[in-house]
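Morning, everyone. I'll walk through a few parts of it.

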Amino acid sequence: MLKEWGTKWSLWPVHLVTSCCGVELAHAYACGYDAERLGSLNYGICRQTNLIIVEGAITRKMARVLKITWEQMPNPKFVIVMGACGIKGGLFWNSYHMVRPWEVVPVDVFIPGCPPTPEALIRGIVSLQRKIEGKEDFDRFEKVEVDVKAGRVRRLPPLKEFTVENPAVVPNVERFRDDYAKTLEDVLGVKVYTIGVDHYYAFVEDVRRSAEILGHLGFDNVKDVNVLDVPHEDSFIVEFTLHNYENYKLVTLAKRIERKNPKVESLSDVFPSSDYMEREMHEFFGVVFEGNSWMGKNFLLDVSTPKFPLRKDFKLESQSIEEEKPFLQDFDGNLYATKLSDELVKGDEYVLIVGPQHPGSGHMRLIVKLDGDIIKEVIPDPGYVHRGVEKIAEGRIYIKNIPLVERPCITDFANYDICYVKAIEEALGIDVSERAKYVRTILAELCRIGTHLYDAGILSIFLGHSTGFMWAFGLREFVCEALAILTGARVTGSFIVPGGLRRDVSDEKLRRVREIVLAMRKRLEKFEKIFVKNPTVVARLENVGVLSRKDAREFGIVGPFLRASNVRHDWRLKGYEAYDCVDWDVVTAEEGDSYARLLVRVEEINQSIRIIDQLVRDLPKGEMKVDMWKLTDLVLPLGEFVSCVEGARGTIYMSIVSDGESTTPYRFRMVTPSWYNLRGFIEACKGERLADLQAIYGSFGYFPPEADR
């Protein structure tokens with residue numbers, strides 16, 4: 001009995017965050033809930049822990065991490081699994097990259113929810129404590145048969161899923177015509193279509209030459225590399241979308257290639273921002289980008305994942321998670337680390353493998369080449385939380401994809417929802433009331449505040465400043481409370497829909513949200529004094545991980561991390577939603593170092609408070625609620641529809657290709673801020689000391705679930 005009593009009050013979970021449930025896990029151990037009072041204290045080293053809390057999804061690539069962590073723990077050891085993903089797969093239940101945690105390690109307690117609240121996690125810890133005592137009287141899953149009376153009217157209409165067998169795939173449908181299209185035609189020598197506001201599309205034979213021409217016109221980064229699989233025409237359409245930071249214009253250069261031996265020229269040496277996206281498309285479709293040295297290697301996917309899962313002839317149904325399949329990756333045989341080791345033949349050079357485990361590298365592994373303690377090169381090994389959002393979205397009707405598109409970053413769900421529904425609204429010409437735009441903007445800015453505070457808390461942990469973590473997450477509770485008032489959920493609101501919002505929001509609730517946000521101001525000043533202006537924090541971040549203005553543009557960096565390198569670029573300046581109805585300032589810095597990246601986000605929090613204050617005070621009257629029944633059978637017109645918004649960490653880019661007849665997207669593409677910023681983080685590490693690696697990582701707010709998708 002004494003042993004059980006001691007174990008019960010000494011549960012020390014290893015901080016193995018695996019997916020989006022980790023957002024709420026962090027709150028459970030912060031000052032608002034303080035799971036430590038229950039005898040559960042976070043540790044970072046698996047050999048000193050006796051509990052793993054699996055926070056959500058386990059992918060094929062992450063399974064190995066979970067397994068070896070569990071194997072190193074001393075007995076007795078326990079496992080708690082959080083969230084729908086860990087129980088039945090959740091929204092990703094049939095993805096090509098998902099496994100169930102209980103297929104990898106024995107599980108003691110499941111906690112339902114998507115994600116579970118901090119209270120639910122604490123209740124799960126109490127349940128485990130009672131199990132250790134031998135009192136297994138907590139909730140159990142039971143099979144329940146629902147009795148439906150004959151002739152009873154359904155509460156919801158049937159979802160009308162319809163897919164054309166051999167659809168038309170015509171991404172270059174012109175919406176209207178403007179003068180800039182004529183300018184592009186003159187310099188490119190081909191027909192250029194205007195497919196959206198400031199978005200142009202052209203089929204070209206020589207992609208590289210066309211890209212170089214656009215480079216001379218001021219286009220400085222690649223915003224997307226995409227592939228459309230058209231098997232009934234035996235072809236791929238490869239798209240390179242170039243972007244200009246100054247005028248926000250997008251130009252898509254497309255080339256049709258044979259499906260049998262798909263090859264296209266790489267742009268990675270012309271635009272380095274194209275590199276990682278080319279690797280991604282090579283892995284998912286099998287297209288070879290000639291000139292990119294990474295061809296033939298895995299980047300995001302585990303080596304056991306089925307080949308080319310985004311091709312149309314790969315069906316998710318054939319990869320049921322009920323099937324027996326291998327998924328444990330062999331770390332020791334990693335070809336990148338082996339190749340680097342073979343090249344190190346002189347001096348003090350050697351290779352260090354960092355991660356994938358908090359607090360070293362989050363859900364990503366870093367292969368670090370060192371000369372003494374100076375970083376010479378960093379090779380990222382992402383994909384540990386890749387859940388296959390794009391493939392899943394292509395099999396669901398448009399309205400069902402709203403909860404899906406926000407999962408890569410649940411702290412910033414409103415901005416992801418806005419990006420997705422904005423593409424649909426522009427495609428169908430749906431008008432949104434001014435009041436709905438105001439409330440949607442309020443939600444977006446609340447998420448911006450919450451995400452910046454989340455990143456500040458994680459940076460605090462990376463610097464060993466646990467007080468900063470407590471303050472950041474204590475402040476973030478204000479945001480979670482405000483979001484719950486408006487949407488009913490702390491995160492993953494799924495509240496923004498085409499045409500407006502799911503429900504009306506009263507003036508009284510909005511005034512309460514304004515009061516909550518304004519109450520944060522004084523506490524933010526204290527947080528700045530305790531953490532942001534702390535001499536130790538300044539010393540750890542100042543002049544560390546410098547990214548010049550030129551490099552930031554060249555590598556396609558976005559958001560506050562771009563603005564910290566003195567590039568004034570922010571999609572909110574385009575005036576979508578209600579941003580043209582309020583006064584606010586774009587925050588920039590000149591230093592481009594880790595401290596500047598923190599300071600820009602701190603000031604952006606103050607600007608977000610300023611925006612919310614104005615929006616609530618000037619809120620117009622009008623309708624917000626949308627008839628959800630009318631959204632169950634949406635069909636978008638033929639063509640491609642692209643949307644860009646300014647998420648908390650930067651540009652969110654979404655593309656929907658419609659065949660004009662199906663109720664599901666023919667191709668859905670999502671590129672996230674952390675995916676854009678990964679290359680910048682890698683470059684900023686070069687020449688720095690190994691001890692600064694985590695500080696640079698945290699300064700970029702890199703969020704692997706967002707990057708991996």
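Start with strand 11, residues 250–258. Seven of its nine residues are buried, so strand 11 is largely enclosed by the rest of the structure. Buried means under 20% relative accessible area, exposed means over 50%, and partly exposed is in between, with a 1.4 Å probe and protein chains only. Helices (H or I, at least four residues) and strands (E, at least two) are DSSP runs, numbered from the N terminus.

A word on the source. This is a predicted model: local features need pLDDT of at least 70, side-chain atom pairs count only at pLDDT 80 or more, and totals for chains, interfaces and linings use all residues. Residues are numbered from 1 along each chain as its sequence is written, and side-chain values use heavy atoms, with hydrogens and water left out.

Now, who sits beside strand 11? Two strands pair if DSSP finds at least two bridges between them. Strand 10, residues 235–243, runs antiparallel to strand 11, with nine bridges joining them. One example: E239 has A254 in strand 11 as its bridge partner. The two strands form a hairpin, with six residues between them. In that turn, Y248 has a positive phi of about 65°. Strand 8 also pairs with strand 11, in the parallel sense, over five bridges. There, H199 stands opposite L250.

What is the strand order? It is 7-8-11-10-9, an open sheet of five strands with mixed pairing. Strand 7 and strand 9 (221–230) are at the edges with a single partner strand each, so one side of each has no neighbour in the sheet. From one strand to the next, the twist averages 25°. Axes here are lines fitted to C-alpha atoms, for helices over the stretch in contact, and angles run from 0 to 180 degrees between N-to-C directions.

Strand 7 meets strand 8 in the antiparallel sense, over three bridges. Y193 has Y201 in strand 8 as its bridge partner. Helix 6, residues 179–188, packs on this sheet and touches strand 7, strand 8 and strand 11. Contact means heavy atoms within 4.5 Å. Helix 8, residues 275–285, packs on the sheet too, touching strand 9 and strand 10.

Look at the loop between strand 7 (193–196) and strand 8 (199–203): V197 lies there. Is V197 buried or exposed? Its relative accessibility is 67%, so V197 counts as exposed.

Strand 4, residues 78–82, pairs with strand 6 over three bridges, and V81 stands opposite F110.

Last stop: two helices. Helix 15 (residues 507–532) and helix 19 (residues 594–617) have axes that come within 9 Å and cross at roughly 160°. That makes the two helices roughly antiparallel. The cut-offs: under 35 degrees is roughly parallel, over 145 roughly antiparallel, 65 to 115 roughly perpendicular, and the rest oblique. Among the residues that meet are L510 and F531 in helix 15, and Y595 and V616 in helix 19. That's the tour.
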